[in-house]
Amino acid sequence: MEFVISHLVKSYGSKQVLKDCDFVFEEGRIYGLLGRNGSGKTTFFNCINSDIDINSGEFYFREGKDSAAKTALQPEDIGYVVSTPTGPEFMTGREFLKFFIEVHEEIKSEKTIDEYFDYMMIPEDDRDRILKDYSHGTKNKMQMLVNIIAKPKLMLLDEPLTSLDVIVAEEMKNVIRSQKEGRITIFSTHLLDVAL
């Protein structure tokens, strides 16, 4: 599977942010999208996620270089971890995961809720606290976790490591690496060492 970006253009009035972008992303690989703040990384992700309209161009899946068949992205194909984690802050982590799995009946849950928490290294004493009281890093882990459970073909990670402490950032890097098979992962950053 490949994810193809073809002649993608996005402007805000007279300001052209994405200029004729072309690239082919391959399954099983992790791509770093490196650029300074304000360079259009989040705009690119928002275009792919259909949060904003594009001016021209297209993006689609195809089975391989020799395939002419184009498959349009569906909402369930995309996992999007935003730089500022969001979630229902009145729910506990456990309630939120249980709710997420129940609402998405199409998801075949492979682990128990506690096994998912263990996988993301979320401490036991955080699991029954409300999300509002979570640290930024733990909120980020929860956001990543629901996207892992959903098993999207394309994972978009917007500055996933920038505001995390060193230990949590290393944990998240390991999780991202462990999830690369069977999907395309693109993460954005303005930090060269993170991209490397």
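Is Asp-114 buried, exposed or partly exposed? Bearing in mind that this is a predicted model, the answer is that Asp-114 counts as partly exposed, because its relative accessibility is 31%, a value that falls between the 20% limit for buried and the 50% limit for exposed.

Asp-114 forms a salt bridge with Arg-94, and the closest N and O atoms of the two are 3.2 Å apart. This pair links distant parts of the chain, since Asp-114 sits in helix 3, residues 113-119, while Arg-94 sits in helix 2, 20 residues away. Arg-94 is partly exposed as well, with a relative accessible area of 24%. Both residues also belong to a network of salt bridges, in which Arg-94, Asp-114, Asp-118, Arg-127 and Asp-128 are linked.

In one of them, the side chains of Lys-41 and Glu-159 meet, at 3.8 Å from N to O. Lys-41 lies in helix 1, residues 41-48, and Glu-159 in the loop between strand 6 and helix 5, so the pair ties together parts that are 118 residues apart in sequence. Lys-41 and Glu-159 are both buried.

In the other, the side chains of Lys-139 and Glu-89 meet at 3.0 Å, again N to O. Here Lys-139 belongs to helix 4, residues 136-150, whereas Glu-89 is in the loop between strand 5 and helix 2, 50 residues apart. Glu-89 counts as partly exposed, because its relative accessibility is 34%.

Note on methods: Residues are numbered from 1 along each chain as its sequence is written. This is a predicted model: local features need pLDDT of at least 70, side-chain atom pairs count only at pLDDT 80 or more; totals for chains, interfaces and linings use all residues. Side-chain values use heavy atoms; hydrogens and water are left out. A salt bridge is a side-chain nitrogen of Lys or Arg within 4 Å of a carboxyl oxygen of Asp or Glu. Helices (H or I, at least four residues) and strands (E, at least two) are DSSP runs, numbered from the N terminus. Buried means under 20% relative accessible area, exposed over 50%, partly exposed in between (1.4 Å probe, protein chains only).
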